[in-house]
Amino acid sequence: MERGRVVTTLKSGTIIGEMNLLGVVDRQTETIVATEICYVEVLHPSIVLRGLELFAEERPKVFAVAYASTSGANVPPADIDQEFRRSLIGEVMKAPFFDGMTFEFVEKLSALSVDRIFLPSELIVEEGRTGDSMFIIVSGEASVFLNQMPCIECGASALDTKKDEVRPMLEIKPFDRLTARKVDHLVIGGIFGELAMLGIAPTRRATVQADTLCSLWEIRQSKVLNFMEDFPYFRRKLVSIISAHLEPTVSLRLQSLPLFQEFDQQFRMLLCLSCKRRVFFPGEMLACEGLRGEGVLILNVGEAKLEHALTTVTTFQPGSYLGCEIMLGIQKTHTGTLTATQVCHVLVIPRESYRLALQKYPSPIQEAALLDAVKKESEAFQTAMKRLRLKVFIMQRCTAAAQQSDQEQRGIQVGMLESELNVRTFRAWSAFAQEQSKFRRQTQFRRNKEQEWISRHLHARNGRLMEEHLALEQSERFDWVSTAAWDSSTIPTGKRSKHPRLPRIAPIGGISLRSVNLMHQSSSTMSTPRAALPPIAG
């Protein structure tokens, strides 16, 4: 009956109230009166939800029924899935988040997602629960609630998630719509859970409850990151969301960083204002070993691994930093490669910003202390890297030797215990170390013998050359005449000559003075008598 008028007569097998069950309407529009004894079966909404979860292929039909009832469209059964999905994509593209994105992108995003349905008053996500996916509403409406519970960690009330603020949770409390505070209302195209999907928030920051029958796309991080490179606009959209949500944490990170703990408060605040904010997704490199760096990289949120010479050194957690030597001007290139393993929010302080802050707020004592500490850390890091490279090299050689030995003897056993493999590796390393030590001793002994032989033969060769040279000098003869001729220039006169002349004396006969000097020098070592000069003839 409708308005007191009989509309139709219902027979066995007739279904009534399906629109109320699906949440399309919130109240009955017709009155049904039994004309005889009737046996009626009532279907609870939870049973329908469970059935749609088990038989996912029937969901488009249910969505199409709800969509046709609200819009008045008549979709043929053969094209119900395709036509209805296209209409949903068209409705989703009208949302502000998808403004400027192509139909191809939204269609591909829908293909990678998992269809989820929620009945009215059902909780889609609950505040404080863990999650790694985001949701996009493609039909229906939902409300966002926050528990009115003070945040002990930040000393403030619950923050509004619409304003890109986050609130850490200490415990999970049952959701109560009467006491919770409604902060947002989501319609078609609404997005929530993006921070949990990106790994920025470990838990859900709010509770989302379905107001009507809701159809959602659930998207996980692994699927989103695979096709992000093909759609740079979507990547920029996610970067802007992450940066906006984490902006309140930038000043807290720099204020609590031990690197600048001794500097003035105004100095740190200026660095906070001038530092650069960057977002890196898993697999992207934050810094590359050997390449020129811009400044110090401070990991605010996320996780990254540090590699040196293709060897993993350590894992960076929030608060870790790399490239402090570049900021201080000690060196210009990075000492390692830093790769993101999760979505990372990084703060970059260039050298120019650091020098500008020092000029504005001079701190010579803190600057000198920081410089000394960084130099010591750099030296310790280089020493540790040398040891690590040596250790990795030895382990690789020993593991290869152990595997080769097993293959030659009885082959590698499948499923070998790690402890047994470690014992074999240690034994192979011990044998390898002994062989290397023996080889080094033999090499050093051979080198010592070679040096001894070379020095002995050089000494003998020098002695022979000296003897040959002296024999050659003694065999030479002189034909000069030893005479003294006096002239008038030697007669003394009354006047003093400015340049007195010496008597001209011819060279004496015999061996030369050069040979005599050589013989005198070698007399101490060769014990040869000194040659006497012959008398002057005349």
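Student: Is Phe192 buried or exposed?

Tutor: This is a predicted model, and in it Phe192 counts as buried, at 8% relative accessibility.

Student: Which rings form a pair that is tilted, and how are they placed?

Tutor: Phe105 and Phe234 form such a pair: their ring centres are 4.9 Å apart and their planes stand at 45°, so the pair is tilted rather than stacked or edge-to-face.

Student: Where do Phe105 and Phe234 lie?

Tutor: Phe105 is in helix H5, residues 103–112, and Phe234 is in helix H8, residues 232–246, so the pair ties together parts that are 129 residues apart in sequence. Both Phe105 and Phe234 are buried.

Student: What about Phe135 and Phe192, how are their rings arranged?

Tutor: The ring centres of Phe135 and Phe192 are 5.4 Å apart with the planes at 15°, so the pair is stacked. The angle is under 30 degrees, which is why the word stacked applies.

Student: Which strands hold Phe135 and Phe192?

Tutor: Phe135 belongs to strand E3 (residues 133–139) and Phe192 to strand E6 (residues 191–192), so this pair ties together parts that are 57 residues apart in sequence. Phe135 is buried, with a relative accessible area of 5%.

Student: How many aromatic pairs are there, and which residues do ring pairs link into a cluster?

Tutor: The count comes to ten aromatic pairs. Ring pairs link Phe97, Phe98, Phe105, Phe231 and Phe234 into a cluster.

Student: New topic. How does H8 pack with helix H9?

Tutor: Helix H9 covers residues 248–256, and H8 packs with H9 at an angle of about 60°, their axes being 4 Å apart. H8 and H9 are therefore oblique to each other.

Student: Which residues meet there?

Tutor: From H8, Ala244, His245 and Leu246 meet Pro248, Thr249 and Val250 of H9.

Student: Let us turn to strands. What can be said about E4?

Tutor: Strand E4 runs over residues 142–146, and five of its five residues are buried, so E4 is largely enclosed by the rest of the structure. Ala142, Val144 and Leu146 point one way from E4, while Ser143 and Phe145 point the other way, and all are buried.

Student: Which strands pair with E4?

Tutor: Strand E5 (residues 181–186) is joined to E4 by five bridges, and the two run antiparallel. Strand E7 (residues 207–210) also pairs with E4 in the antiparallel sense, over four bridges.

Student: What are the bridge partners of Phe145?

Tutor: In E5 the bridge partner of Phe145 is Lys182, and in E7 it is Thr207.

Student: And E8, how many of its residues are buried?

Tutor: Strand E8 spans residues 214–220, and six of the seven residues are buried, so E8 is largely enclosed by the rest of the structure.

Student: Which strands are joined to E8 by bridges?

Tutor: Strand E1 (residues 114–118) is joined to E8 by five bridges, and E3 is joined to E8 by six bridges. Both E1 and E3 run antiparallel to E8. As examples, Phe118 has Cys214 in E8 as its bridge partner, and Met134 stands opposite Ile219 in E8.

Student: What is the order of strands in the open sheet of four strands?

Tutor: The order is E9-E16-E11-E14, with antiparallel pairing. Strands E9 (276–280) and E14 (321–322) stand at the edges, each with a single partner strand, so one side of each is left without a neighbour in the sheet.

Student: How is E9 joined to E16?

Tutor: Five bridges join E9 to strand E16 (residues 344–350), and the two strands run antiparallel. Within this region, Val279 stands opposite His345 in E16.

Student: Which helix lies across E16?

Tutor: Helix H12 (residues 351–360) lies across E16 and strand E11 (295–301), running at about 55° to E16.

Student: One last topic: how many disulfides are there?

Tutor: The count comes to zero disulfides. Cys272, for instance, is in no disulfide, and the nearest cysteine sulfur, that of Cys275, is 5.4 Å away. A disulfide needs the two sulfur atoms within 2.5 Å.

Student: Are Cys272 and Cys38 buried or partly exposed?

Tutor: Cys272 counts as buried, at 7% relative accessibility, whereas Cys38 counts as partly exposed, at 49%.

Notes
Residues numbered from 1 in each chain as written. Predicted model: local features only at pLDDT ≥ 70, side-chain atom pairs only at ≥ 80, totals over all residues. Heavy atoms only, no water. Phe/Tyr/Trp six-rings, centres within 6.5 Å; stacked < 30°, edge-to-face > 60°. Buried < 20%, exposed > 50% of the residue type's maximum accessible area, 1.4 Å probe, protein only. Pairing = 2+ DSSP bridges. Contact = heavy atoms within 4.5 Å. Axes fitted to C-alpha atoms, helices over the stretch in contact; angles between N-to-C directions. Parallel < 35°, antiparallel > 145°, perpendicular 65-115°, else oblique.
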